[in-house]
Amino acid sequence: MSNKIGFLAVFALVISSQIGSGIFMLPISLAPYSTYSLISWAISGLGAVSLALVFATLCAKFPETGGPHVYVKHAFGPTAAFFVGWTYWVISWVSTTALIVVGVGYLTPFLHEDIKNIHLFLELLLFTIITLINLRGVATAGCVESLLTVIKIAVLLVIPIIALFFFNRNNFIISKEMSSLTTSQILARSTLLTLWCFVGVELATAPAGSVNNPAKTIPRAVVLGTICVAIIYFINNFAIMGLINGNDLANSRAPYVDAIKIMFSGNWHLIISIVAFVFCVGSLNAWVLSSGQVAFGLAKDRLMPQLFAKRNEHGSPFWGITTSSSGTAILLILTSNNNFAQQITSIIDFSVVSFLFVYLACSLAFLKVVIKERNYHKLLTGSIATTFCCWVILETSINTLLIASLFTTSGIPLYLFWYRRASAQ
């Protein structure tokens, strides 16, 4: 069997990398913004599609394993590529921790006792299974991803369609806190939230070397997948906010469970717990696959130790996956003493800003490429993507930016004590 994946598997990676735990959590955070959140979905969706076009074009031109660092390397050189690649690699497995915690958290209704040790055991067990699947090779991981994506799309189309029969426009209520802000401030805050759901738009570019005809397959899958994700998020948020009163939604702990209780009697809401778990597993699988490929790509370009360029008998980057997984496992253990909300918040608070640093670097690389080639009709796409990234970053607090930058600066020791010496040889 070929150990390469085709369009459907790449399309599934695009969907799963962006649709995960966020779709079940964000309605709570967006409830105070009322109809402004719908505008924010449109803004972040436009930004995500522009970024998808950027990555699609770059991947078609440079169809190499590794993703973002590859494009920065060709545009700005190996040093910039090292820090972009390092940031992307670290933040990818840090963010993976949140998916595991949320996924197991949705299984709570099926547990007789809420014991933290059981939660931690289940988190580590789930992560071990997904890691072993990815160690079997990219083709196996791609098959699993395709199956999970079919389930995701089916559920996220059925629920909002049924919810529309219970729709009440009076449920859209803007909070008093938000009503005191300007329109620009409201949109900036809500767009930062919605943008989290599109993080991963570039994920399918990482395993380019393991994709059949990557120059054509990946661009089509990334653009089409991101458009589908934007539509799915918008209609789901619209339906849930029209189904549940804004005040109740803001205080909900599981909005989709509450939605099922409104639409159906009995214990059908328990199905949502299982579905949410499946969603998180799908995204988790996509991120584990990507983190290994990113480390492999960095090592292949001699930006990381050659240990990470070694493959096992299934063609999987063994050390890239196991190192990333070890880091995630350590984070799970270190944050296990926090409550659910604190654990999630401590992990993802600064992730979206760190990803924006990477997206901005790639957007600038895209602009340099199209200007150098005098391909000016694509200049608008790059300008929109760059402006979008800059706008969100500028609207972010200095404290958040400084803490998010630590993901990048953590690579300085490796750069000073290994990369500079290795590149000089």
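Predicted model: local features only at pLDDT ≥ 70, side-chain atom pairs only at ≥ 80, totals over all residues.
## Helix α3 against α16

Two packed helices are described by the angle between their axes and the distance between the axes. Helix α3 spans residues 36-61 and helix α16 spans residues 351-372. Their axes come within 10 Å and cross at roughly 60°. Angles of 65 to 115 degrees count as roughly perpendicular, so α3 and α16 are classed as oblique to each other. The crossing of α3 and α16 is left-handed.

On the α3 side, the contact involves L51, V54, F55, T57, L58 and K61. The residues they meet in α16 are Y359, C362, S363, F366 and V369.

## Helix α3 against α9

Helix α3 also crosses helix α9, which is made of residues 183-195. Here the axes come within 8 Å, and the crossing angle is roughly 60°. The pair α3 and α9 is therefore oblique. The crossing of α3 and α9 is right-handed.

From α3, the contact is made by Y36, I39, S40, W41, I43 and S44. From α9, T183, I186, L187, S190, T191, T194 and L195 take part.

## The salt bridge

Side chains of opposite charge can pair when their charged atoms come close. A search of the whole structure finds one salt bridge. K61 pairs with E373, and the closest N and O atoms are 2.4 Å apart. The pair links distant parts of the chain, 312 residues apart: K61 lies in helix α3, while E373 is in the loop between α16 and α17. K61 is also among the α3 residues that meet α16.

## A nonpolar surface patch

Which residues form a nonpolar patch on the surface? The patch consists of L157, I161, F165, F166 and I262. Together these residues have about 510 Å² of accessible area. One of them, I161, is found in helix α7, residues 138-163.

Technical notes. Residues numbered from 1 in each chain as written. Heavy atoms only, no water. Patch = residues over 30% accessible without salt bridge, like charges linked within 9 Å, V, L, I, M, F, W, Y side chains within 5 Å. Areas by Shrake-Rupley, 256 points an atom, 1.4 Å probe, with all protein chains shown as cover. Salt bridge = Lys/Arg side-chain N within 4 Å of Asp/Glu carboxyl O. Helix = DSSP H or I, 4+ residues; strand = E, 2+ residues; numbered from the N terminus. Axes fitted to C-alpha atoms, helices over the stretch in contact; angles between N-to-C directions. Parallel < 35°, antiparallel > 145°, perpendicular 65-115°, else oblique. Left-handed = near helix turned anticlockwise from the far one by under 90°. Contact = heavy atoms within 4.5 Å.
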